[in-house]
Amino acid sequence: MKPVPGERLPLLPLRDLVFLPSTVLPLLVGRPRSTAALDAAAICGDILVVTAQRDADQEDPGPHDLHDVGTLVRIVQRTTLPDGTDRVLFRGLRRVRLEGMEEGPHGLRAEPLPFPHPAPAPARMAEVEALLRRVDRAAREYAALHPDLPEPPDGEVDPDSETEAWMEPEGGDPEPGGGESPAVRRWVHRLHRLVGHLPLATPDRQRILEAATLEEAGERALEALERELEILQIEERLDREMSRQLDDERRRLYLQEQLRAIQKELGGEGPESTDLEERLAAANLPEAARARATRELERLRRLSPASQEYGVIRNHVEWILSLPWNTLTPDAAHVARAREVLEEAHHGLEEVKDRILDHIAVLSLVGGLAGPVLCLVGPPGVGKTSLARSIARALDRRFVRISLGGVRDEAEIRGHRRTYVGSLPGRVVQGLRQAGSANPVFLLDEVDKLARDGHGDPAAALLEVLDPEQNRGFRDHFLELEVDLSHVLFLATANTLAGIPDPLRDRMEVIRIPGYLDSEKHAIASRFLLPEQLRRHGLPHDGVRLSGEALEAVVEGYTREAGVRELDRALARVARKLARAVAEGRRERGTRETLEVERLPELLGPPRHRREPGERSGDRVGIATGLAWTPVGGETLEVEVAVTPGEGAIQLTGTLGEVMKESAAAAFTFARSRARVLGLRPNFHREVDVHIHIPEGATPKDGPSAGVTIAAALVSALTGVPTRPDVAMTGEITLRGRVLRVGGIREKVVAALRMGVDTVVVPAANAADLELLPEEIGRSIRFIPAYGMDEVIQAAFGAGMPLPGGSESSEEPPDLALPVHGDDS
């Protein structure tokens, strides 16, 4: 069937495609109106018109959305796929101009009018042939440079005779003014076959199809091909340049590198550099940091993404842009609010709270405090870290904590140099990034556990961080920029000052947090620990309480520590038992009760610690109770001395350190020098062997504060006079019997109170430390200051050890500059 002049044929819109005559092309048709056009074409002898949409994104185009020059096509084959889409093979017949496009119930229709190319003047025939040959050469050159394209088809193939037949009127006479000469048809067919298989842009194809003359169509095709050829030649040149640089390992990244190189040649930029430039423009950076980031971005643009240095530079720029260089959070430095926060979160610790409030008061007045760093020193579990969090909450600042335990590499503080693979900034810079502000409360936890090896001294690196005169320009090795740390409020925690180097200790103001008294532990357990454990275990926070006797039994029988961690774990076991009873239906979830002491064995098992009653006086010969300081709080220790017949040998057992062995030797020499006063034979040391032992032999012990205890036990063993069981003592002894000052008095006294001791002998030089003890300790313990061993012996033996005549050590010694041992053990 042939189209009748004036007849409107079905019209099929094409998205992002121009169908050129003289080509055969399969298409997938799925839009309802397009499927209706195919059905309507079946009535017209499988003939319809196709044309390109002006906007490829238009889902339902109308007549005004279509180009008015298209192609008359015939349906060669139509197959319906399982999803309802039609796969149709079309054959292009002739270029037509569309008139009278309209929408109907069966889709779009239009009248196809012949739109032939006029024959060129005879004088221009040679020029047209030359033009088409140039197009032919350009197409073949394009195909040669494009590896995915086959060779162009032979342009001399005669057009299909069927194509001519569709445009001839009935009777065989050529349509007046609408036909093309055979030569023109061959040229048009040849041009369309050349252009049809090349991946030209849709606008270029449409311009070629709409060209009024053959010469114009050829010129447009040649222009498009030459433009594509220029891009391909640039691509080939860049390929040759890169092939000399890429080794075998990078060739698999060839396509990505090729795309980046083309973008660079055309003046474009990659998405990564664009994103970093946008972030750099929006960031609030110091001038030095902005200049460095800009310079690194320039280097990044010139590098290949496959280069190792590319990732290093990009990571460097990311870190510069992510730091809060000038971002400060406003301070809420109000003393009343800070006091309220500290009282709400912590019980006791009045001295510590007072010092913190002083610090906040000065901060509120001057807006900044360039002074010593506060270092909270105390046993584990006394609340050092939680105090630091409360300070941050009181100031309304962000809180950052880094643990320095086991850190042995200086690069952990100053950062790794970027020459190393996987290098990162130091922990200080990482903490600033984590906080998101330049003035957080920064906690350096476990600063006493820093290590040191061949990688440098991290404690020395901390000197610059904590020195207010230097940290304005702290230089991180990774960033290679100065970071201002002057707005940061640094805090540090430690269990003991013994592990902190002296230069680092000089940068810090030490605030000691001693162990809690039993009464303080009772209050902490009732106010904080038990409600929190009940909440964690799914029980009402106020549903269970412990009676006073039960709390006292838990503190004394199930924990023995300076802090409250073990107490917290004991209360957690109680909460778990109660939660299990609720889960098994043996207890109502909302039941309110008070646990008495009789329930503790059921919930916690038998007590782990028992307060031993004082031994009978007859059993105390050669035994003296001493007080010792440890990193986890104070402890009591029993020094035992046995005297047996022998030849003057002295044996020390109990894993004693060198300082404690020296104290034992000094005590023995003191006893020998006081033999007459003590009623001993002048040469007793040649007739007996002395064995000094401190129990718990698996625990290493050292320090000078056991000197008076060893001397008292030795005197008891030599004289046969027992010591008092309710007396404990501490102090360093000299050869002449003087008692010197020691440290850790509060911790030792708390341990004595915990063990039921009611009399403590302390060096007279420590009298000032006694004034700082809580009133509860003063009411419970009687303190005896001792200048020399006479006072110690009198207190330890009472009336059972008369001292005939006295001695030179009983007089008050002159005012000497004695060494202060702040952290002996």
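In what order do the 7 strands of the open sheet with mixed pairing lie? They run β18-β19-β17-β16-β20-β23-β24, and Figure 2 takes a closer look.

**Figure 1. The whole chain is a predicted model with 28 helices and 24 strands.** Residues are numbered from 1 along each chain as its sequence is written, and side-chain values use heavy atoms, with hydrogens and water left out. Because this is a predicted model, local features need pLDDT of at least 70 and side-chain atom pairs count only at pLDDT 80 or more, while totals for chains, interfaces and linings use all residues. Helices (H or I, at least four residues) and strands (E, at least two) are DSSP runs, numbered from the N terminus. The pLDDT, which is the predictor's confidence in each residue from 0 to 100, averages 81 over the protein chain, and 86% of the residues score at least 70. Of the 825 residues, 48% are buried, meaning under 20% relative accessible area, with exposed being over 50% and partly exposed in between (1.4 Å probe, protein chains only). Among contacts (heavy atoms within 4.5 Å) with a separation of 6 or more, 75% join residues 24 or more positions apart.

**Figure 2. An open sheet of 7 strands has mixed pairing.** Two strands pair if DSSP finds at least two bridges between them. At the edges are β18 (650-653) and β24 (782-786), each of which pairs on one side only. From one strand to the next, the twist averages 25 degrees. Strands β17 (residues 633-645) and β19 (residues 688-693) run antiparallel and are joined by 6 bridges; one to look for pairs Pro645 with Val688 in β19. Helix α25 (residues 745-754) lies across β16 (623-630), β17, β23 (759-763) and β24, at about 75 degrees to β17. That angle is taken between N-to-C directions and can run from 0 to 180 degrees, with axes being lines fitted to C-alpha atoms, for helices over the stretch in contact.

**Figure 3. Phe684 sits in the loop between α23 (675-678) and β19.** With a relative accessible area of 6%, Phe684 is buried. Leaving aside neighbours within four places in sequence, Phe684 is in contact with Ala671, Arg672, Ala675 and Leu718. Pro645 is 39 residues from Phe684 along the chain, and their C-alpha atoms are separated by 9.9 Å.

**Figure 4. An open sheet of 5 strands has parallel pairing.** The order here is β8-β9-β12-β7-β13. The edge strands β8 (399-403) and β13 (508-512) each have a single partner strand, so one side of each is left without a neighbour in the sheet. The twist averages 25 degrees from one strand to the next. Between β9 (residues 441-445) and β12 (residues 489-494), which run parallel, there are 4 bridges, and Val441 stands opposite Leu489 in β12. Across β7 (373-377), β12 and β13 lies helix α12 (residues 350-366), running at about 145 degrees to β13.

**Figure 5. The largest nonpolar core has 53 residues.** A nonpolar core is a set of buried Ala, Val, Leu, Ile, Met, Phe, Trp, Tyr and Cys residues joined through side-chain atoms within 4.5 Å. Leu479 and Leu504 touch the most other members. Not counting residues up to four places away in sequence, Leu504 touches Val447, Leu450, Ala459, Leu462, Leu463 and Leu466. Apart from this core lies another, of 50 residues, including Leu357, Leu374, Leu387 and Ala525.

**Figure 6. Helix α4 (residues 182-196) holds the buried residue His192.** At 1.5 Å a residue, its 15 residues should span 21 Å, and the end C-alpha atoms are 20 Å apart, which agrees; the expected span is 1.5 Å times one less than the number of residues. The buried residues of α4 include Val184, Trp187, Leu191 and Val195. His192 has a relative accessible area of 3% and touches Leu20, Pro21, Ser22 and Thr23, not counting residues up to four places away in sequence.

**Figure 7. Helix α19 (residues 548-557) has several buried residues.** They are Ala550, Leu551, Val554, Val555 and Gly557. Their cover includes α18 (518-536), β14 (544-546), α20 (565-583), β15 (593-595) and α21 (600-604).
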